[in-house]
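Biologist: Hi! Could you walk me through this one? I'd like to talk about pockets and aromatic rings.

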Amino acid sequence: MRNILFPIGLLLLLCACSGARRNNAACSLPLPEDVVMYQVNPRVFAPSSSFNAIGGYLDSICRLGVNVVWFMPINEVGREKSVNSPYCVKDYKSVNPEFGTLDEFRDLVDACHKKGLHVIIDWVANHTSWDNAWIHNKEWYTQDEEGNIVSPANTGWKDVADLNFDNKEMRLAMIDAMKFWVDSVGVDGFRCDAADFVPFDFWKQAIDSLRATPHRPLLLLAEGKRKDHFTAGFDMNYAWDFLEGVRNVFVKDSCVTTLLDIAHAEYDTIPAGKVKLRFITNHDEMAKMSPVKELGGERGAMAAFVLSSYLQGGALIYSSQEVAFPERVDFFHYCHIDWNADNAIRTEYEILMRLYNDYPAIRKGNLKTYPDCNVAAFQKETAQDRFLIVVNVRNTAQAFLLPEEWKGHECTDVYRDTPVVLADTLRLAPYEYRILKY
């Protein structure tokens with residue numbers, strides 16, 4: 001009997017996994033420490049029918065070594081007091097007709113799954129548009145002393161109305177809407193906007209409810225840096241402090257040691273298996289300035305990316321970053337990007353993230369850092385592999401005195417795929433990085 005029950009149980013498990021509606025990739029959702037995320041801003045792909053345009057670009061996203069795509073808000077945008085922000089949600093269960101139809105988005109999710117890409121969508125929990133149907137339930141919103149619904153305090157976001165998380169009915173409606181995208185559309189999780197503004201107990205309630213479905217793994221990213229996000233059930237949150245440290249090092253010439261202190265502090269405060277999302281830009285930052293201009297040109301931006309993604313993992317690429325788009329991107333409106341440009345930076349990202357995926361040591365190996373003011377040098381090691389990553393953070397040539405355990409050894413420069421015999425000192429061109437395998 002036992003021999004019969006085992007294959008039956010295995011069959012049932014496989015059916016449960018493959019039978020999740022429109023979720024071809026759910027069984028292989030990457031661990032947070034293995035995530036390579038690509039942020040999709042639909043407004044850089046087409047002035048209309050963006051879902052179809054993005055579908056045509058999926059192979060290019062795959063070549064970047066990506067396994068998770070994060071779609072910025074795809075919901076219908078409100079019109080009352082509107083500035084056309086995608087974070088001004090009129091209907092939590094509809095899509096913006098500028099991008100396409102709900103069925104077209106379902107097809108896009110399916111297409112992502114067939115290519116091994118998992119899909120998370122932006123979830124705007126803190127506020128809604130002023131013409132969202134929820135506004136008729138006045139008690140669902142924060143009110144002033146005169147009983148007027150208000151915008152989120154101290155933000156300047158006048159186009160949106162602040163939700164009241166003391167209201168139980170609103171909470172349940174929010175969770176129901178989140179479940180709609182998981183159960184009816186097949187998304188694999190959420191990037192939760194302004195997560196620091198939303199109370200812990202709501203996130204705990206929502207995440208517990210979302211994760212209650214058997215055989216349905218989800219990836220949950222909080223846009224924020226509160227320590228209790230992980231207690232609530234999030235897998236990842238933002239490394240805002242690290243980004244500020246990168247700017248201090250590359251723009252203000254701070255010592256690399258200050259950035260390494262930030263990195264250690266961020267990971268000292270989170271549970272094992274959780275991840276800080278590291279980036280050199282995203283939609284908010286690119287709306288102000290391209291990292292190409294901010295961080296010292298293409299070479300400075302690439303050096304910053306290697307340092308940010310290789311140090312402790314949690315890699316993010318924002319759509320347009322892979323072609324080194326030099327201008328700011330206003331995500332409130334369509335912005336033309338030449339995706340067909342012959343750009344060597346795209347190939348560079350492809351090689352970097354192939355190495356990142358091929359060698360677990362690079363993204364999650366044991367970390368050892370070597371103090372230096374102008375050069376970021378660190379070792380990443382597993383039982384199988386040992387790497388030395390060295391990044392010149394200055395726009396001037398630098399000489400780095402190698403650690404004793406690396407001096408005189410024959411290594412492989414895995415980016416160039418060439419053998420290297422190390423001396424005592426490694427000489428680096430401005431913003432040069434080296435990825436050496438022992």
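Biologist: By class, what residues does the lining of the second largest pocket have?

Modeller: Keep in mind that this is a predicted model. The lining there has seven nonpolar, six polar and five charged residues.

Biologist: Which of them lie nearest its centre?

Modeller: Of the 18 lining residues, those are Glu33, Tyr267, Lys274, Gln312 and Lys364. Helix 9 (256–268), helix 12 (297–312) and helix 14 (360–364) each give two or more residues to that lining.

Biologist: And what volume does the largest pocket have?

Modeller: About 460 Å³. It is lined by 20 residues, and the closest to its centre are Trp157, Asp193, Ala194, Glu223 and Asp284.

Biologist: Switching to rings, how many aromatic pairs are there?

Modeller: A search of the whole structure turns up 27. Take Phe105 and Trp181: their planes are at 75° with the centres 6.1 Å apart, so they count as edge-to-face.

Biologist: Where in the chain do those two sit?

Modeller: Phe105 is in helix 4 (residues 102–114) and Trp181 in helix 5 (residues 168–185), 76 residues apart. Are they buried or exposed? Both are buried. They also belong to a cluster linked by ring pairs, together with Phe51, Phe71, Phe99 and Phe180.

Biologist: Nice. What sits over the ring of Trp130?

Modeller: The charged end of Lys81, 3.8 Å from the ring centre. Likewise, Arg386 lies over the face of Tyr438, 3.9 Å from that ring's centre.

Note on methods. Residues numbered from 1 in each chain as written. Predicted model: local features only at pLDDT ≥ 70, side-chain atom pairs only at ≥ 80, totals over all residues. Heavy atoms only, no water. 1 Å grid on protein atoms, 1.4 Å probe; cavity = no way out; pocket = protein on both sides within 12 Å on 5 of 7 lines; lining within 4 Å. Points joined across faces, edges and corners; volume = space filled by probe spheres on them. Helix = DSSP H or I, 4+ residues; strand = E, 2+ residues; numbered from the N terminus. Nonpolar A, V, L, I, M, F, W, Y, C, P; charged D, E, K, R; others polar. Phe/Tyr/Trp six-rings, centres within 6.5 Å; stacked < 30°, edge-to-face > 60°. Buried < 20%, exposed > 50% of the residue type's maximum accessible area, 1.4 Å probe, protein only. Lys NZ or Arg CZ within 6 Å of the ring centre and 35° of its normal.
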